[in-house]
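Here is a short report on how the chains of this assembly meet and how parts of them are built. Keep the sequence and the 3D view open while reading.

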Amino acid sequence: MNPGLLEGYVALSAIIFAVGAVGLLIRRSPLVVLMCIELMWNAANLTFIAYARQWGNMEGHILSFIVITVAAAEVAIGLAIIVLIFRRRSEVDVDEAAMLRG
Amino acid sequence: MESTTLVWIMLLPLLGSAIIGVGRKGLSRNAAGWLGSLVVAVSFVLTLQAMGQLPATGVPLRQSLFVWGQSLPFELHVGLMADALTLWWLLVVTGVGFLIHVYSIGYMADDKGFARFFAELNYFIFSMALLVLADNFVGLLVGWANVGFASFLLIGFWTEKAEARAAANKALLINIAGESAMVVALALMVREFGSLAYAEIFSQASGATPGIVTAISLLLLVGIVTKSAQLPLHTWLPDAMQGPTPVSALIHAATMVTAGVYLVIRAFPLFSASPVAMQTVAVIGALSALFGAIVATRQFDIKRVLAYSTMSQLGYMLMGAGVGAYAASAFHFFTHAFFKALLFLGAGMISHHLSGEQDIRKMGGLGRQLPFVYWTFLAGVLAISGAPGFAGFFSKEEILAAALHEGHVGLWLIGVVTAGLTAYYMARLFILIFGGEASETESNHVHRGRGGVMGFPVAVLAVASTLSGLIAIPGITQVPGTYLAPVFARFGHEAVHVDSFGFPVILVLGMAAIGFIVGLKLFGPSGQGRARAQRSLQRRLGGPVANAFYLDDLYVWGAASIGRWAKVGALRVQSGFVRRYALTFFAGFAAFVFYFLLL
Amino acid sequence: MTAVFWIAGIVAVLGAIGVVAARTPVHNVLALMVNFVALAVLYLSLSAEFLAVIQVIIYAGAILILFLFVIALLSVSKMAKEQAPSRLVAQKELGIAAGVVVGLLLTVSIVRNGIFGTNVTLQDGFGTAATFGRELLTTHVFPFELTAFVLMVAVVGVVVLVGRRDS
């Protein structure tokens, strides 16, 4: 592999991560927030796989696989919570669910 | 030398606590009380046996238990260790502990939490035994925290009393603050010595970085100050008197509060490697001695007088340890345990007689009604005042003489003034309770018939308060000094000791005599003190002395202000908006990336 | 190789921006799919063929379908319109700023510090399902079992959360 290219992969992952973070911070629809979290998961996975290629070591792949599994679990739970909130309110806005106030 | 006895000394009270605690519904009162007393008595006998096993060379008895923390950069071999110092403490803990258990059978007879009381008392004895038997700082800290928790349980024993609950919380909070400092000290020890075992740390102490040793000692001192109720963190001790009187006698006078003194003596290689720390210990001790004595002169609750007096006497012990007179300090602990427990138990009998009254302004003329209490209490008063021949005389004089011998004239002077004040407030306490006319408070005869079970421990303690000083008459007997000498010799030290008190003893005695006579005159039949004191019943006492120099109010105010301020701040941060939380999170994340990857 | 990286990389970033910018939920999901597929291509270029397949099947297949189901289940009109002004002061500006700062910091530190690791020649079968399976079921069998447990907890959690009829 082109030696400079790995840095490119990791930098790309950083950019996708940052875009996901921006979405998480500025969007108010819980569905979109959840999708942005998926973006950030995937950015992390890209790093793992890039490094696995660099080291010739499969452990990065294993870790990515576990991340994918956990992400699936997280989406399932997250969507369930969204459905629950939708049942109680007519419109859902992340800022409306502010009952954690101290 | 291996010895399983040590394990039993510690485990028997725990076993008793478990049995009484679990079976408290099924056990009869007598069974719970006597079982609780019995296990402590057996521990006492085993302690005596261990004293017999202890080789004259001073090599400690050991019992290794298990290896803790194998994943840490070092291994900690947890075990029990008993040298002369440990056994010295255990002797008092189990001995006085047994007497107070027996006393409690009578004192608590009508309490609905009778069995719970004994379970908690036994748990305390176990924790205290663990504290002194540990052969490493982790074990010490575990015991230290457990005695604190036992103290919390017992101060708040009467859970229906709001004051008792508040006092228990206060004691626990202040003690945990001290423990936190000790945890930091332990972390520093790991860093500096790579170990937490006494033997390894103490043998390296003199060669360690002076700054670190000072830091460790001062951090330990924070814990010591909280546990032994020294300035400025003493405020929990007077409030702790909300607990039942046997608890005040055992935990908050005779044993637990002396854990701080024990730690100074146990960790003497650390402290003596740091002149700053030693100086601080001595000065804090002397100031606390004076402070406690001053405040005690204007208290009217019998137990509060005794509480401040405990603070004052603990100050003497720390002062002694701070000037290097470890054996004298341990000796004063020994005698103090007897006479202070005696005074508290006497106070318990008095307030029992007066249906729970504790205000000495409402007492008087009890000498004729309670002759037994009168004579035993007198023994305690004379012992604490340092009357020649009584126990307190020898131990106190030894500390003062050692301070003077080491050239600490200022500390010595403070000690002398304190001795005078001590005699004064004890005389005042005694004459207000027993002298004068019988007051209108109705005596309560319900408790007659249990006199034996309460009287026996008091009688034993009275004899001990009178005679136990004779084991260290300068130039004649030297029991504490010679017995404890191997503890210090192991690490190449020798405790400061004096062969004779010399002429300054006259000065101390003179001060005490003046204080005693002034107290008797002022509050006796011819003095104005009693009348004036009784007039003050109507109003809240003013003045800095009666209010312990407002330190407590200052802390309450400070804590409340910080709490209010923190609440305002926390409410602003805790907005409930998840996106704001996420923003904060990312800001922190950016800061971490900046710090670790770019700087 | 370099061309694949640039094309797939740009598509992935565009997809990500689409997720953040699109206003209609279905468009968000489609943009996310673009991102996932582009990532799968990148995985292939990194010799991670098994994970590329997994990426398409599980992410683009299962998880996105789950999103679509939820969108279909709930009427689109209920989605937050994000028209009304936010109750949070300057959240949008600060959010963008935070994202940009994080992205810049990460990128700069990558470029400045360089990347550890040596460029090794790959062993035969690197990234194939066979090698992956052998690793997963021998060396890493315990984490594998743990993920199974996590999935089970998630399934139970979903049933508990949504399966209950509100009274």
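## Where chain B meets chain A

In this predicted model, 11 residues of chain B are in contact with 10 residues of chain A. On the chain B side, two or more residues each come from helix 24 (551-573) and helix 25 (578-598) of chain B. Helix 25 of chain B has the largest share, 5 residues.

## Where chain C meets chain A

Chain C also touches chain A. Here 75 residues of chain C are in contact with 67 residues of chain A. Six elements of chain C give two or more residues to this side: helix 1 (2-21), helix 2 (25-45), helix 3 (49-73), helix 4 (91-113), helix 5 (129-137) and helix 6 (141-162).

Which helix of chain C gives the most to the side that touches chain A? Helix 4 of chain C does, with 13 residues. By residue class, the chain C side divides into 50 nonpolar, 19 polar and 6 charged.

## The make-up of chain C

Chain C has 6 helices and 0 strands. Along the sequence, the pattern is α-α-α-α-α-α. Chain C has 167 residues, and 26% of them count as buried.

How much of the contact set in chain C joins residues at least 24 apart? Among contacts between residues at least 6 apart in sequence, the share is 52%.

## A helix pair inside chain B

Now look within chain B, at helix 8 (residues 210-227) and helix 11 (residues 259-266). These two helices pack at an angle of about 150 degrees. Their axes are 7 Å apart. Angles over 145 degrees count as roughly antiparallel, so helix 8 of chain B is roughly antiparallel to helix 11 of chain B.

Which residues make this contact? From helix 8 of chain B come Leu220(B), Ile224(B), Val225(B) and Lys227(B). From helix 11 of chain B come Ala259(B), Gly260(B), Leu263(B) and Val264(B). The residues of this contact divide into 6 nonpolar, 1 polar and 1 charged.

Technical notes:
Residues numbered from 1 in each chain as written. Chains lettered and ligands numbered in written order. Predicted model: local features only at pLDDT ≥ 70, side-chain atom pairs only at ≥ 80, totals over all residues. Helix = DSSP H or I, 4+ residues; strand = E, 2+ residues; numbered from the N terminus. Buried ≥ 20, exposed ≤ 12 C-beta atoms within 10 Å, placed from the backbone. Contact = placed C-beta atoms within 7 Å. Axes fitted to C-alpha atoms, helices over the stretch in contact; angles between N-to-C directions. Parallel < 35°, antiparallel > 145°, perpendicular 65-115°, else oblique. Nonpolar A, V, L, I, M, F, W, Y, C, P; charged D, E, K, R; others polar.
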